[in-house]
Amino acid sequence: MKKILIALAVILSVQVAGAQVKSAADCKKAVESAEAAAQNPKKAVKPATWLKLGDTYVDAYNSPFGNAWVGAGQQELMLIMGGEKPASTETVELMGEPYTKETYAERNYYFNAGGILAVIEVTKPVYEDALAKALEAYKKAYEVDVKHSKDKDVAAGIQNVASKYLDAGMTKYMLGDIKAANEYFIAASEASLTEPLNVVDTTATYNAGFTSWSLQDYATAAEYFQKCIDASYFEDGEVYAKLSDCYSKMGDAEKAKNTLEDGFKAFPQSQSILIGLINFYIESGDDTDRLFALLDEAKKNEPNNASLYYVEGNIHNQLGDTDAAIAAYEEANKVDPNYEFGFIGIGIMYYNQALDLQTKAQEELDDEKYMALVAQFETALKNAIEPFEKAYEVSKDNSIKVNVAEYLKNIYYRFSSENADYKAKYERYAEVVSTGNPL
């Protein structure tokens, strides 16, 4: 089953090595001067006034980053930064990988194992809302420019803001702050749609949807995933699968199904869509012929995916077709001899058959029929032993092994008085269950 990961783009902050970033004090002076000009009625009607204000806010946003840039080498930065030294250095983990974190007064730098600067985290911004202020200034420049002579410059300014929002979202995501990342991705997506830029940033839009989905804000996620589809951005069908899941979580089964069907038509090779459809039909119980057709398509795409045969076995089992269920479970075992769920599927099927026969036997008043049911019950239980023991043998997951041991303990207890071997196995699996420690 394919996990959907966020589409992290490699976005490098473009700076010239050795170029000096303005100090916080200089940035504040520049902003104050530009703000004063924007308050002047004669200057406020000129787009250049607002462009200047937007640029000064962007400079203020850049200031705490220092002279470093994502992609720079640690040794390279030591030369560029001169005598500036970190207050502390430590090893941290980001997204499961080790990084060296250097702490400065206004920011933290995170270097990967190769000594490359991967993340810049600003801890002391000059203005908390510098990008929002810059965007408003660029919007104002577009508004007052009745001749649209500065559209190109305004669009460039807005694009710069949108890119910095996206960068900030990537940083927050890397640092594990999904909520903040989501806010920045949404801001990046919306900024890109601002006139006169008016483009769909598909990376920001997909990430806005993905992080909204991660936060279980399914309505917002659906909005941004739909925007992706409208912009012909599909992530090889993953957008359809995620959008369908949003509709499902919001209780709209019909939209969930239709979205998957649309996705299947466009991306018949997408396993996420196929698995989504399979799960939908299993849960709804509708149109099983269509379900098996989808399964056959999935197996053509991934002939070595044992889980697809396991799912097929479960469906046949639910439909009461025992022989077909066993055949599918056995095929899962052939595809991957170490796939424990194929064996587990057979074991549970026989075990449940035994429980049904036990219930019927308890309700049977005729002695002869009762004894016949008991014999069938014991046969079904013994049929479950071999697949469960194979599952126990091949599984590498201790929790699964303990669960399988629970079944085997119950089965061997039933026959523990028959011979010493059955008794010994009962005791063995009983110990596994009681200790939670597979032997």
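The expected span of a helix is 1.5 Å times one less than its number of residues, where helices are DSSP runs (H or I, at least four residues) numbered from the N terminus. This is a predicted model, in which local features need pLDDT of at least 70. Residues are numbered from 1 along each chain as its sequence is written.

Let's start with helix 9 (residues 238–249): its twelve residues should span 16 Å, and its end C-alpha atoms are 16 Å apart, so the two agree. Nine of the twelve are buried, so helix 9 is largely enclosed by the rest of the structure; buried means under 20% relative accessible area with a 1.4 Å probe, protein chains only. Among the buried residues are Glu238, Lys242 and Tyr247. The buried residues pack against helix 7 (202–214), helix 8 (218–230), helix 10 (253–266) and helix 11 (271–284). Just past the end of helix 9, Gly251 has a positive phi of about 85°.

## Helices 13 and 14

Helix 13 (residues 306–318) and helix 14 (residues 322–335) cross at roughly 170°, and their axes come within 7 Å. The pair is therefore roughly antiparallel, a label for angles over 145 degrees. Contact (heavy atoms within 4.5 Å) involves residues including Tyr309 and Tyr310 of helix 13 and Tyr329 and Val335 of helix 14.

## Helices 15 and 16

Here, helix 15 (residues 340–363) packs on helix 16 (residues 367–394) at about 160°, with axes 7 Å apart. Helix 15 is therefore roughly antiparallel to helix 16.

Notes
Predicted model: local features only at pLDDT ≥ 70, side-chain atom pairs only at ≥ 80, totals over all residues. Heavy atoms only, no water. Helix = DSSP H or I, 4+ residues; strand = E, 2+ residues; numbered from the N terminus. Buried < 20%, exposed > 50% of the residue type's maximum accessible area, 1.4 Å probe, protein only. Axes fitted to C-alpha atoms, helices over the stretch in contact; angles between N-to-C directions. Parallel < 35°, antiparallel > 145°, perpendicular 65-115°, else oblique.
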